Amino acid sequence: MMLMLILSLSVLVAASVLLILSRDTLRLVVGLAMLGGAANLMVFLAGRPGSILPPIIAAGAETLPSAAANPLPQALVLTAIVIGFALLCFSLVLIANLARHDARQDGDDLRAVEPEATDPLKPPVMEP
Amino acid sequence: MLLLLPLLIPLAAALLTALLPMHGRVRQAVGVVAALIQVLAAGALLSALPAGGRFSLVLGNWPLPYGIELAADTLSAALILVSALLGLAVMLYSLGRDDQESAAATPLMLGLLASVAAVFLAADLFNLYVWFELMLIATLGLLVGSGDPRRSEAAFKYLVLNLLGTLLVLVAVALIYAASGQLNFVALQVAGQWPEVAAGLRPYLGLLLLALLLKAGALPLFAWLPASYPVLPPPVLALVGGLLTKVAAYVLLRLAGQVFAVPDLWLEALGWLALLTMLAGVLGAAYHWDVRRILALHIISQVGYLLLGIALSSPAAAAGTAFFAVHNILVKANLFLIAGLMFASAGHYDLRRIGGLYAARPLLAVLFLLSAFSLVGVPPSTGFWGKFMLLREAFEQERYVWGGGALAVGLLTLYSMSKIWLEGFWKAHPDATASAGIIPVAAYAAVLLLTGLILVMGLYPEPFIDLAQVATSDFWNQGSGT
């Protein structure tokens, strides 16, 4: 179980780094989403995974059974998934908007805010 | 309850302005009122705190260390007050802009103010991560604005690099939890007393500090800042550029100075990194001619001063860092607002296309000079006292290269500011037929408010320096982390 989680985490991180290093904006966003998934898996791994016993104190008992699952990482992952999903949706709309002006969707074409200098000494003028 | 008010007020106002259908001007007016109430609430919180005291509120009906703790000490309360004052000035400035975007930005600005206040209040690592994400979301909304392609591009670059930063924060938080079983600041501080726990935490702490350095805009990781800030409208730029990097620097100070034991070697490296960050920012600014770019790159060099204060790792340096952060939030935001007024008056942000502002707008020229002198650190100004506190500590610790470097950066800052003065205000306008544009009264009021605060802090610094010293008196006491 632990080995499976670690292996899938490594594959996920490797694939997302490969995608993030791509110049294609869509691949970059997909890579970021995958890295977010890897981060969530990491949070999950941090809190003693493996138990499927729900963390509920039985009637009459005072403490949790010692083999109960750790509820905290699950709560944390749930929060992180929600935020990550919102940001993924936002970034998809953002690159769709960018693609309307640049069909190639190449990260190297994004020079409107930082135009290349033509003069050897002075920076180019950016119209407001 | 007093603790929650500075967070709840802007949050409630953000929801109100976003959900209720209202006219743009009404929305902006609600923003001003909400910011004003937040200032009052933050002031009440700061004055209710006993000297060196700490208010704590545990949410979620669980005792510590399981409950979610929000806490305010003098440092966080003072920084909340400053960010609320900045929010008020920015909202006032927006009142003078009668366009669709300014009205639409109001809920996002309020959301940003709420999440910044929450970061200052957060007392556990995961909560900190969540509020950092909310700060990111609000900022992205402000960056995109009306969706013109340049703004989308800026938002995309900002999103990619900052999302990497927050993901690193999340991973580091998870690993720190795995290594120590704690997320609460006080519990982590206690857990760090055991040498084996502290040693186990160290690599993950490094990851967390790295992510925060990215958020603060330290040397190799600041590419997102000049790629996104120079296309923002002035009020948004003042709020975002004035606050965000300083918030990350505050978290660095809090974590390194109070929660975790940071190894001395890392602090040494941070000091050199701070020096290089200062130089990189100020040299970049010296190259540029666009006022917004010059000021945005100066943010990076000012962050260098804050990192220097953290690297010096003593209560006196922490007091200097706190004072400098307050100074820098106010002065930098004010300069961005003044840049907006220069644009409104002269018609361009590039210094090669404008001029003659001293003749056309003498009051604006005086306001610019006061803020520019403060940024440079001419005595008696806020920048002078902040730099004095930091440099005295640097020389006392015999860090002559760091202190000397900081002084040289001050001189180069003077170069940039005099460039704006000579080109923007002194020389004649290159287009002789150009007439000065109209500046709304509300915008002047915002700049006057911030300038007034800067003047009071500069001419009568003693209570503020005392407050900074009280706020940071228990920093760097958690034992040396060798």
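At what angle do helix α13 (residues 315-346) of chain B and helix α19 (residues 462-471) of chain B pack, and how far apart are their axes? In this predicted model, local features need pLDDT of at least 70 and side-chain atom pairs count only at pLDDT 80 or more, while totals for chains, interfaces and linings use all residues. Residues are numbered from 1 along each chain as its sequence is written, and chains are lettered from A and ligands numbered from 1 in the order in which they are written.

The two helices, taken from DSSP runs (H or I, at least four residues) numbered from the N terminus, pack at an angle of about 125° with their axes 8 Å apart. Axes are lines fitted to C-alpha atoms over the stretch in contact, and angles run from 0 to 180 degrees between N-to-C directions. α13(B) is therefore oblique to α19(B), a term for angles that are not under 35 degrees (roughly parallel), over 145 (roughly antiparallel) or 65 to 115 (roughly perpendicular). The contact (C-beta atoms, placed from the backbone, within 7 Å) joins B:A319, B:A322 and B:F323 of α13(B) to B:F464, B:I465, B:A468, B:Q469 and B:A471 of α19(B). Seven of these residues are nonpolar, one is polar and none is charged; Ala, Val, Leu, Ile, Met, Phe, Trp, Tyr, Cys and Pro count as nonpolar, Asp, Glu, Lys and Arg as charged, and the others, Gly among them, as polar.

Helix α19(B) also meets α3(B), the axes coming within 8 Å and crossing at roughly 135°. B:T74, B:L75 and B:A78 of α3(B) make the contact with B:L467, B:V470 and B:A471 of α19(B). By class, five nonpolar residues, one polar and no charged residues take part. In α3(B), 22 of the 22 residues are buried (20 or more other C-beta atoms within 10 Å of the residue's own, C-beta atoms being placed from the backbone), so the helix is largely enclosed by the rest of the structure.

Helix α5 (residues 125-144) of chain B is mostly covered, with 17 of its 20 residues buried. After α5(B) comes B:G145, whose phi is positive, near 55°.

Between the chains, 31 residues of chain A are in contact with 38 residues of chain B. On the side of chain A that touches chain B, α2 (25-46) and α3 (71-99) of chain A each supply at least two residues. The most comes from α3(A), with twelve residues. This side of chain A has 23 nonpolar, six polar and two charged residues.

Conventions
Contact = placed C-beta atoms within 7 Å. Buried ≥ 20, exposed ≤ 12 C-beta atoms within 10 Å, placed from the backbone.
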